[in-house]
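Here is my note on the structure, written as numbered points. Keep the model open while you read.

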Amino acid sequence: MIQIDVLKFLIQKGPGRTASELAEAIHADKAYQQRVNEDCVMLVNAGSVKREGGGGVNDPFKYYPV
């Protein structure tokens with residue numbers, strides 16, 4: 001639950017961050033995007049944040065506050 005609160009805070013304070021950037025902000029040297037993907041999807045499904053981008057290497061998902 002703490003990670004979700006931190007994710008929402010980071011997205012509000014730095015809109016447009018990718019999952020990799022969010023993972024790095026939370027987990028530092030142990031960062032990889034899979035550590036935050038599930039929580040980001042949950043926030044999108046709950047309507048707390050919105051996601052833009054194609055989700056690929058050249059166009060990663062970016063997260064924004066609603």
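This is a predicted model: local features need pLDDT of at least 70, side-chain atom pairs count only at pLDDT 80 or more; totals for chains, interfaces and linings use all residues.

1. Start with a term. Buried means under 20% relative accessible area, exposed means over 50%, and partly exposed lies in between.

2. Now look at D39. This residue lies in helix α3. D39 is buried, yet it has no salt bridge. The nearest side chain of opposite charge belongs to R35, and it is 9.3 Å away.

3. What does the side chain of D39 make a polar contact with? Its partner is the side chain of Q3, at 2.7 Å. Setting aside neighbours within four places in sequence, D39 is in contact with Q3, I4 and L7.

4. Turn to Q3 itself. Q3 lies in helix α1. Its relative accessible area is 19%, so Q3 is buried. Besides the polar contact with D39, the side chain of Q3 has a polar contact of 3.1 Å with the side chain of H27. Leaving out neighbours within four places in sequence, Q3 is in contact with I26, H27, R35, V36 and D39.

5. In soluble globular proteins, nonpolar side chains tend to be buried together. The largest core here has 12 residues: I4, L7, L10, I11, A19, L22, A23, V36, C40, L43, V49 and Y63. Three helices, α1 (2-13), α2 (19-27) and α3 (34-45), each supply at least two of its residues. The largest share, 4 residues, comes from α1.

6. Compare E24. This residue lies in helix α2. Is E24 buried or exposed? Its relative accessibility is 54%, so E24 counts as exposed. E24 and V36 are 12 residues apart in sequence, and their C-alpha atoms are 9.7 Å apart in space.

7. Strands of a sheet pair through backbone hydrogen bonds, either parallel or antiparallel. Here 3 strands form an open sheet in the order β1-β3-β2, and the pairing is antiparallel. The strands β1 (17-18) and β2 (49-52) stand at the edges. Each has a single partner strand, so one side of each is left without a neighbour in the sheet.

8. Check the pairings one by one. β1 pairs with β3 (residues 62-65) over 2 bridges. In this pairing, T18 stands opposite K62 in β3. β2 and β3 pair over 4 bridges. There, K50 stands opposite Y64 in β3.

9. How many salt bridges does a search of the whole structure find? The search finds 1. The side chains of E52 and K50 meet in a salt bridge, with 3.6 Å from N to O. Side chains of opposite charge can pair when their charged atoms come close. E52 has 37% relative accessibility, so it counts as partly exposed. K50, at 41%, also counts as partly exposed.

10. A last look back. E52 and K50 do meet in a salt bridge. Find both pairs in the model.

Conventions:
Residues are numbered from 1 along each chain as its sequence is written. Side-chain values use heavy atoms; hydrogens and water are left out. A nonpolar core is a set of buried Ala, Val, Leu, Ile, Met, Phe, Trp, Tyr and Cys residues joined through side-chain atoms within 4.5 Å. Buried means under 20% relative accessible area, exposed over 50%, partly exposed in between (1.4 Å probe, protein chains only). A salt bridge is a side-chain nitrogen of Lys or Arg within 4 Å of a carboxyl oxygen of Asp or Glu. Lys and Arg count as positive and Asp and Glu as negative; His and the chain ends are not counted. A polar contact is a pair of N or O atoms within 3.5 Å; within protein, one must be able to donate a hydrogen and the other to accept it, and residues adjacent in sequence count only if both atoms are side-chain atoms. Contact means heavy atoms within 4.5 Å. Two strands pair if DSSP finds at least two bridges between them.
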